[in-house]
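Colleague: I am new to this structure and would like to learn how to read its features. Could we go through them slowly, one at a time?

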Amino acid sequence: MKILHTADWHIGKRLHKYDLLEDFKHFQDWLVPFIQEAQIDVVLVSGDIFDLATPSSEAQKAYFDMLLALRDLNCKVIMTGGNHDSPRVLNAPAPLLEVMNIHVIGSLPSDLNDLLIPLREKGGKIKAVVAAVPYLRESNLRSPGDNVEINNKVELIREGIANVFKKTAQACEQYYADIPAIAMGHLFAAGATTSDSEREIQIGNEASFEASGFGDYFQYIALGHIHRPQQVSGAVPTFYSGSPIPLSFSEKEDQKRLLVLDTDSWQVEQVQIPRFRQLLKISGPMDQLKRQLQAVEKVGVLDTLVELELVEEDYNALHIMELDQMV
């Protein structure tokens, strides 16, 4: 069985007020034939489906267009909510989507067993089970009577996250004994390399979570939230797939990827996603900006987006006006 891990779609993202919906549509146009050619059985999307809690109608249409395209491939889709997502927005159509073999977990349910989704082969045999843990909000992690001093609060959140994954692992062991388990999560793991487009979560990232806290029960941890693809050190293979498209100029050099997990060997394959547009930063004095801007060439199928930074020793109001005109 082949499982694809992606995350952080951020549908509806605007970069300096520039809509990136076209970038996401090009990602879809690449992803759908890839899934078909690679014979992917399951798609995991680990949070931050949308960029805003109240996505626009255009963003919601792009979301449902993607789900319809995935449905036509006859693969199972499992999606979890992230810190950018509204649980209500994701959960509202969930019963209808489940009929289409698309499982959406927008928020932590009261019964952790509802997080467990078995993966069946064509003959009906369960090959693996996915613990689809969404973004864990503070209300999920501590009781109202807990001491809320900042040091205690940070520790309570860390302990709360570890406890959710521990109990989820125990539920997997109880109901799916001797069956390999995969966990999904959306959080900031300690040591992960960030960009400037991730929103801080869980007390400004102070409650960063050590990957060792996931334990050693799961065969693979499919994480979301960090936009740069990377592996973090833990007792089991723990990966951020990263976002499929650059979401800020700090990601302009990133090679975007998705991950494919084979349950026969439990090997992880990193698959590069094509660049659909170039993000370019030009920095320097006015004459240099003009020369470099004129030399910009289009890379990819979409227009290049350029960030201009005027750097001069002395303040010049005329150059500021000229920079505005250039922009």
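Modeller: Helices α1 and α2 are roughly parallel to each other, a label given to angles under 35 degrees, with over 145 counting as roughly antiparallel, 65 to 115 as roughly perpendicular and the rest as oblique. Please keep in mind that this is a predicted model, in which local features need pLDDT of at least 70 and side-chain atom pairs count only at pLDDT 80 or more, while totals for chains, interfaces and linings use all residues. Residues are numbered from 1 along each chain as its sequence is written, and side-chain values use heavy atoms, with hydrogens and water left out.

Colleague: At what angle do α1 and α2 pack, and how far apart are their axes?

Modeller: Helices are DSSP runs of H or I with at least four residues, strands are runs of E with at least two, and both are numbered from the N terminus. Axes are lines fitted to C-alpha atoms, for helices over the stretch in contact, and angles run from 0 to 180 degrees between N-to-C directions. Here α1 (residues 21-38) and α2 (residues 57-71) pack at about 5°, with axes 10 Å apart.

Colleague: Which residues of α1 and α2 meet?

Modeller: Contact means heavy atoms within 4.5 Å. On the α1 side the residues include Phe24, Phe27 and Leu31, and on the α2 side they include Ala62, Met66 and Leu70. The residues of this contact divide into 11 nonpolar, 1 polar and 2 charged, where Ala, Val, Leu, Ile, Met, Phe, Trp, Tyr, Cys and Pro count as nonpolar, Asp, Glu, Lys and Arg as charged, and the others, Gly among them, as polar.

Colleague: Which residues of the largest nonpolar core touch the most other members?

Modeller: In soluble globular proteins, nonpolar side chains tend to be buried together. A nonpolar core is a set of buried Ala, Val, Leu, Ile, Met, Phe, Trp, Tyr and Cys residues joined through side-chain atoms within 4.5 Å; buried means under 20% relative accessible area, exposed over 50%, and partly exposed in between (1.4 Å probe, protein chains only). Of the 55 residues in the largest core, Leu44, Ile78, Phe165, Leu187 and Phe218 touch the most other members. The largest share of this core, 7 residues, comes from α6. A second, separate core of 46 residues includes Leu20, Ile40, Ala69 and Leu279.

Colleague: Is Gln292 buried or partly exposed?

Modeller: Gln292, in helix α7 (residues 286-294), counts as partly exposed because its relative accessibility is 35%. Cys172, by contrast, counts as buried at 0%.
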